[in-house]
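Subject: Handover of a structure and notes on it

Dear colleague,

Please find the structure below, followed by an account of what was found in it. I would be grateful if you could read the notes with the structure open beside them.

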Amino acid sequence: MTDIPAEPKVAEVDPARTDNVVLTGLLALPALFLTVLSLVPLFLLLQLSFAHHDEGGLWTPSLELTQYAKLLNPLFLKVAAFSFTLAIGTAVVSVAIAFPAAYFISRMRRRAQVTWLVFLLSTLSLSEVLIVFSFQVLLSGSGAMVKALMALGLMSSAHSLYPSFGAVQACLIYVVLPYIILFLYPAVSQLDDDIPAAASTMGASPVWTFLTVTAPIVRGPLLSAGLLVVIWTVGTYLTPLVLGRPQNWTIGIQISNAAMTTGDLPLAAAQAVALVSLMVGLLGLTRWLSGSGSVEP
Amino acid sequence: MSLVSTWLRRGFLGLVALFISAPLIVVIGVSFNASRRMSFPPTHLSFKWYKAFFTDAEWMASLQTSLTISALASSLAVLIALPIAYAVWRYQSKAAQALAGAGSGLFLLPGIVTALMFSAFWGVVGHVGRVENVVLSHAVILLGVPIAMLSVGFQSIDRALIEAAQTMGASDSEAFRMVVRPAMAPYILCALVYVFVLSLNEYLIAYMVAGFSVQTLPIRIFASMRSGYQPTMCVGAVLFIVLGFAAFSFLAWVGDLPKLMGRHRPLET
């Protein structure tokens with residue numbers, strides 16, 4: 001180390017140009033990777049949805065609307081409506097649980113907070129396959145849930161609690177809950193404690209303060225969390241397949257059946273494109289509603 | 001806070017903890033249960049399913065396949081995300097921002113859609129049922145996770161520190177080594193572990209891309225569940241839970257976990 005400040009670097013090369021060279025070097029590989037593995041498959045999916053379905057799981061490129069026309073039957077529309085209801089229900093309940101949970105966790109002492117975070121992160125190591133299996137064990141006729149309900153006198157005769165809509169709904173909430181608590185954690189930990197404190201000194205009850213003062217401040221993250229849950233669960237496959245009755249089956253199961261069992265890839269692709277379009281529509285609608293409904297100071 | 005609200009808060013968090021741990025307790029219980037039947041709580045403690053798991057060539061092959069796929073997919077995803085996040089932070093590059101957006105896009109599509117997309121893609125490419133298909137598909141679909149985590153990491157670096165290093169005569173690469181690298185190391189580790197865990201437990205995409213020839217652990221567990229269940233299938237899961245717990249405890253020990261998870265406000269001990 002010298003006392004003399006370093007000489008400015010020889011400025012023969014234009015710094016903007018070196019930046020560009022460095023940027024190209026940095027981004028060339030990621031750009032190639034994303035083009036081949038993201039844009040091409042997306043385009044292929046779109047093309048496939050307009051293709052012609054041949055016998056034996058084959059297809060030929062075409063520009064026909066046969067597959068989309070097949071979607072306009074009441075059965076598919078019912079399945080689509082059910083999938084969205086299930087996803088929105090999951091979103092509302094999981095955010096309603098995750099928001100106060102994340103808030104309380106973010107107010108704990110460091111040790112307790114770190115313990116909760118490690119606990120939540122560790123539960124992500126349980127595959128959805130095994131979560132579904134555990135729900136089967138817990139909800140079976142001789143399982144812990146039935147025993148508890150019998151002991152409380154809420155159930156008169158022991159019978160299995162699945163397959164049922166309730167089992168599917170509870171399991172989906174379980175699957176997303178740790179993710180949503182972790183997703184909301186940064187936003188709620190940023191919250192200022194002075195505002196709720198001021199509200200309660202003015203006589204508001206803690207629950208009331210939480211709902212009317214704290215919640216509106218983090219409305220944005222809460223909405224994003226809800227939409228994220230809808231995105232993750234609207235195409236759910238395993239949970240309704242194992243824990244639901246056939247009338248609880250979702251678009252996810254329909255797409256998978258078309259692709260893997262019937263071998264009708266174009267139909268599966270059209271269903272997938274329809275699913276994403278409906279999702280984008282829902283996203284736009286929420287944005288529009290939350291945009292026009294807000295009163296910005 | 002009043003006594004009532006303190007107890008309300010504790011009761012609520014207790015219920016959430018119970019709900020979240022219930023399936024974990026079931027899986028751990030079944031894996032140590034001497035009986036084959038799905039009974040809970042376990043009647044006799046036994047390690048026989050662990051012995052069965054570790055001596056069965058098929059379960060061991062699935063374990064190895066799963067660990068290989070996750071290790072490769074998480075390394076690849078982080079390697080691709082790192083230059084993108086760095087270019088966004090260091091150069092505010094529009095191209096890098098576009099790549100970050102595109103890279104996060106697939107993560108925001110339902111799993112069934114990406115699964116179908118890649119099953120069709122590998123079919124057209126004519127490269128069907130290979131392990132590398134799962135690795136590449138997982139890496140690109142989960143790319144949104146490391147991009148988000150590493151961006152949080154870069155934003156947490158104090159630019160004044162870099163300027164200070166440069167004023168003291170450090171070159172760009174020296175400043176990078178002294179300031180950026182140590183600040184980013186825990187975020188990189190965190191992103192690696194996170195993608196690893198997500199890839200390890202992913203079922204649908206692995207199944208639709210190569211499920212008929214590549215048996216990852218979740219695929220084998222699901223097959224075992226459908227064809228008369230064996231407690232052996234819970235052993236792998238217990239290993240993963242222990243592994244996940246160890247990895248995240250390690251992260252909490254070497255790094256500031258609340259900050260890694262996105263908390264900005266300092267937290268006193």
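In chain B, among contacts between residues at least 6 apart in sequence, 71% join residues at least 24 apart; two residues are in contact if their C-beta atoms, placed from the backbone, lie within 7 Å. Please note that this is a predicted model, in which local features need pLDDT of at least 70 and side-chain atom pairs count only at pLDDT 80 or more, while totals for chains, interfaces and linings use all residues. Residues are numbered from 1 along each chain as its sequence is written, and chains are lettered from A and ligands numbered from 1 in the order in which they are written.

Chain B as a whole

The secondary structure of chain B consists of 13 helices and 0 strands. Helices (H or I, at least four residues) and strands (E, at least two) are DSSP runs, numbered from the N terminus. Along the principal axes, the C-alpha atoms of chain B fill a box of roughly 70 × 65 × 30 Å. Of the 269 residues in chain B, 45% are buried; a residue is buried if 20 or more other C-beta atoms lie within 10 Å of its own, exposed if 12 or fewer, and partly exposed in between.

The domain assignment divides chain B into domain 1 (1–46) and domain 2 (56–260), with bounds that come from an automatic or database domain assignment. Taken over C-alpha atoms, the centres of these two domains of chain B are 29 Å apart. In chain B, 8 residues of domain 1 are in contact with 7 residues of domain 2. The side of domain 1 of chain B that touches domain 2 has 5 nonpolar, 2 polar and 1 charged residues. Here Ala, Val, Leu, Ile, Met, Phe, Trp, Tyr, Cys and Pro count as nonpolar, Asp, Glu, Lys and Arg as charged, and the others, Gly among them, as polar.

Between the chains

Contacts between the chains involve 70 residues of chain A and 73 residues of chain B. Helix 1 of chain A gives the largest share of the side of chain A that touches chain B, at 16 residues. By class, that side of chain A has 54 nonpolar, 13 polar and 3 charged residues.

One helix pair spans the two chains: the axes of helix 4 of chain A and helix 12 (residues 232–254) of chain B come within 8 Å and cross at roughly 145 degrees. Axes are lines fitted to C-alpha atoms, for helices over the stretch in contact, and angles run from 0 to 180 degrees between N-to-C directions. Among the residues that meet there are A:Val118 and A:Leu121 in helix 4 of chain A, and B:Phe245 and B:Phe248 in helix 12 of chain B. By class, this contact of helix 4 of chain A with helix 12 of chain B has 7 nonpolar, 3 polar and no charged residues.

Local features

In chain A, a cis peptide bond joins A:Tyr162 and A:Pro163, with omega about 0 degrees. A:Pro163 lies in the loop between helix 6 (144–151) and helix 7 of chain A.

In chain B, B:Gln92 is not a glycine, yet has a positive phi of about 45 degrees. B:Gln92 is found in the loop between helix 3 (57–91) and helix 4 (94–105) of chain B. This residue, B:Gln92, is exposed, with 9 other C-beta atoms within 10 Å.

Yours sincerely
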